[in-house]
Amino acid sequence: EHTEWGVLPTVIRTLIQRRSVVKKLLKKETNKEMKNTLNVRQLALKLTANSMYGCLGFSASRFYAAPIAALVTSQGREILQNTVDLASGMGLNVIYGDTDSIMIYTGSDDWDKVQQLGKEVKKAVNKKYKLLEIEIDGVFKSMLLLKKKKYAALIASKDRKTGKIHLEKETKGLDLVRRDWCGLSKEVGLFVLDHVLSGKDREGVVAAIHEELQSVARKVREGSVPLEKFTITKGLNKNPKDYADRKGMPHLFVALEMVRRGRPVNVGDHIPYVITAEQEGVKTTSFAERARHPDDLVAANKEAERTGVKPKLKIDTEGYLSQQILPTTSRLVDPIEDTSQAMIAEQLGL
């Protein structure tokens with residue numbers, strides 16, 4: 001029997017069809033600027049379609065309908081579970097599933113065989129649903145699954161002309177890219193990632209990581225790491241004097257100091273800071289009070305060179321190793337058997 005389409009499915013269907021048209025154009029487009037434009041368009045259509053669910057679930061929305069919102073998520077979970085069961089029933093090893101995707105470990109590095117498996121799953125799943133389609137989104141050579149929506153992987157793609165396999169790194173949801181980490185922390189994180197994803201044997205990978213950490217710790221302690229690699233930058237969301245709680249915010253401490261010295265500071269500015277070591281005879285209640293503008297350290301070092309007296313301000317080497325290098329690294333190597341947070345700390349001399 002033919003039932004009329006309601007408003008909601010009609011609107012969403014239109015958005016999704018328009019998005020798939022844009023995505024097809026995007027695939028064929030070669031002009032870089034046009035590619036960007038089309039990409040923004042397909043993302044805008046995706047966002048609009050996705051926000052339908054938000055409108056249904058938000059009590060102040062004029063389209064609020066909690067039961068329909070609950071139905072959307074329960075259907076989603078059910079479909080995902082059915083898809084996992086279907087793939088498992090085909091004898092495949094499903095290692096991860098999230099909202100609208102599943103990841104299958106094929107145990108093969110034969111491109112054509114992997115594609116064939118993907119197509120079989122696609123066909124079996126798409127036979128089950130009229131309005132949903134599963135696609136092969138990508139082939140990964142190696143992958144580090146940390147937790148929900150957080151992973152790093154090497155994406156494999158095959159060059160049509162030469163038949164060569166290209167590898168490209170992709171990270172999703174990893175906090176390496178967050179602003180709270182200094183340049184050194186990001187560098188070490190990327191080094192660790194490259195080794196973890198390299199596909200080399202575990203012992204070699206762990207040995208290389210441990211060696212690098214020892215070397216980094218040595219350089220940090222002997223002062224041969226450039227200052228800018230210790231610099232952390234954080235944005236000011238409001239005027240420095242409007243923050244109620246000032247204790248734990250190093251960038252705010254530095255911003256207030258800049259204001260005190262008559263340097264202009266505006267909302268939205270990105271404030272650079274480094275954490276300095278405890279000074280003799282100076283009591284601080286939190287590490288935020290040991291934050292300084294990088295320029296202050298440069299000035300302190302110049303002054304020390306001029307007078308021959310040791311500089312008052314020094315980088316908090318142990319703090320950086322324990323709070324910037326240790327957490328990022330140990331999170332990335334957590335799934336590896338031959339190492340642990342304690343071993344990482346040991347390599348860093350903590």
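Select Gly262 first. This residue comes just after helix 7 and takes a positive phi of about 80°. The model you are looking at is predicted.

Now step back to helix 7 itself, residues 250-260. Which of its residues are buried? They are Pro250, His251, Leu252, Val254, Ala255 and Met258.

Side chains of opposite charge can pair when their charged atoms come close. Arg261 has a relative accessibility of 47%, so it counts as partly exposed. Glu257, at 23%, also counts as partly exposed; the cut-off for buried is under 20%.

Together with Glu257 and Arg261, they are linked in a network of salt bridges.

Next, select Asp295 and Arg263. A salt bridge joins these side chains too, at 3.5 Å from N to O. This pair links distant parts of the chain: Asp295 lies in helix 8 (residues 294-307), Arg263 lies in the loop between helix 7 and strand 7, and 32 residues separate them. Asp295 is partly exposed, because its relative accessibility is 40%. Arg263 is partly exposed as well, with a relative accessible area of 34%.

Follow helix 8 along to Glu303 and Arg306. Both residues lie in this helix, 3 residues apart, which is about one turn of the helix. They form a salt bridge whose closest N and O atoms are 2.9 Å apart. Are these two residues buried or exposed? Glu303 counts as partly exposed, because its relative accessibility is 39%. Arg306 reaches 63% and therefore counts as exposed, the cut-off for exposed being over 50%.

How many salt bridges does a search of the whole structure find? It finds 14.

Strands of a sheet pair through backbone hydrogen bonds, either parallel or antiparallel. Here the 3 strands form an open sheet in the order 3-4-5, with antiparallel pairing. At the edges are strand 3 (139-147) and strand 5 (165-172), each of which pairs on one side only. Neighbouring strands of the sheet are turned by 10° against each other on average, with direction ignored.

Zoom in on strand 3 and strand 4 (residues 150-158). These two run antiparallel and are joined by 7 bridges. Then select Phe140, which stands opposite Ile155 in strand 4.

Move to Lys149. In the hairpin of strand 3 and strand 4, 2 residues lie between the strands, and Lys149 takes a positive phi near 60°.

Which helices pack on this sheet? Select helix 4 (residues 111-128), which touches strand 3, strand 4 and strand 5; its direction makes about 115° with that of strand 4. Then select helix 5 (residues 183-197). Helix 5 also packs on the sheet and touches strand 3, strand 4 and strand 5, while its direction makes about 125° with that of strand 3.

Select Ile136, in the loop between helix 4 and strand 3. Which residues does Ile136 contact, leaving aside its neighbours within four places in sequence? They are Gln115, Gly118, Lys119 and Lys122. Draw a distance between the C-alpha atoms of Ile136 and Lys122: they are separated by 7.4 Å and lie 14 residues apart along the chain. Ile136 has a relative accessible area of 34%, so it is partly exposed.

**A nonpolar patch**

For the last stop, select Tyr53, Ile68 and Val72 and show the surface. These residues form a nonpolar patch there, with about 240 Å² of accessible area together. Val72 belongs to helix 3 (residues 66-89). Its relative accessible area is 39%, so Val72 is partly exposed.

Key
Residues numbered from 1 in each chain as written. Predicted model: local features only at pLDDT ≥ 70, side-chain atom pairs only at ≥ 80, totals over all residues. Heavy atoms only, no water. Pairing = 2+ DSSP bridges. Helix = DSSP H or I, 4+ residues; strand = E, 2+ residues; numbered from the N terminus. Axes fitted to C-alpha atoms, helices over the stretch in contact; angles between N-to-C directions. Contact = heavy atoms within 4.5 Å. Patch = residues over 30% accessible without salt bridge, like charges linked within 9 Å, V, L, I, M, F, W, Y side chains within 5 Å. Areas by Shrake-Rupley, 256 points an atom, 1.4 Å probe, with all protein chains shown as cover. Salt bridge = Lys/Arg side-chain N within 4 Å of Asp/Glu carboxyl O. Buried < 20%, exposed > 50% of the residue type's maximum accessible area, 1.4 Å probe, protein only.
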